[in-house]
Amino acid sequence: MVADPGREFAFVVQATGTRWGYTFTPVEGGTQVTESWEFPPAGFAVFQERFGEDAQAQIADRSETARNGITATLAAIKATAETG
């Protein structure tokens, strides 16, 4: 986990080792926020154990959900930051 106020916040999902991170970069007129996530190879083993033959489909579905959710997550962070 990383908690560097004004620069970066990140956490790891213990079960799979998936790392979610947010970096904050000053730009003219505000702050650029970048969201990232990394699904390590060890996470596949967890999904394989949990979902068997459906593991790859589950990973693909969750990856797509994460990609589609980035915009909403960043909008929620922006709204929270702007309201203090």
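1. Glu82 and Lys78 sit four residues apart in helix H2, so about one helical turn separates them. They form a salt bridge, with the closest N and O atoms 2.8 Å apart; the term stands for a side-chain nitrogen of Lys or Arg within 4 Å of a carboxyl oxygen of Asp or Glu. Glu82 is exposed at a relative accessible area of 58%, whereas Lys78, at 49%, counts as partly exposed. The classes are buried under 20% relative accessible area, exposed over 50% and partly exposed in between, with a 1.4 Å probe and protein chains only.

2. The model is predicted: local features need pLDDT of at least 70, side-chain atom pairs count only at pLDDT 80 or more, and totals for chains, interfaces and linings use all residues. Residues are numbered from 1 along each chain as its sequence is written, and side-chain values use heavy atoms, with hydrogens and water left out.

3. Glu64 is partly exposed at 37% relative accessibility, and Arg67 is partly exposed at 46%.

4. A search of the whole structure finds three salt bridges. One of them joins the side chains of Arg19 and Glu8 at 3.0 Å, N to O. Arg19 belongs to strand E3 and Glu8 to strand E2, so the pair ties together parts eleven residues apart in sequence. Arg19 is partly exposed at 24% relative accessibility; Glu8 is also partly exposed, at 24%.

5. Strands E2 (residues 8–13) and E3 (residues 18–27) run antiparallel and are joined by six bridges. Within this pairing, Phe9 has Tyr22 of E3 as its bridge partner. Strands count as paired if DSSP finds at least two bridges between them. Helices (H or I, at least four residues) and strands (E, at least two) are DSSP runs, numbered from the N terminus.

6. The open sheet contains four strands in the order E1-E2-E3-E4, with antiparallel pairing. Strands E1 (2–4) and E4 (30–38) are at the edges with a single partner strand each, so one side of each has no neighbour in the sheet. Neighbouring strands are turned by 10° against each other on average, direction ignored.

7. Helix H2 (residues 55–83) lies across E3 and E4 and runs at about 155° to E4. Contact means heavy atoms within 4.5 Å. Axes are lines fitted to C-alpha atoms, for helices over the stretch in contact, and angles run from 0 to 180 degrees between N-to-C directions.
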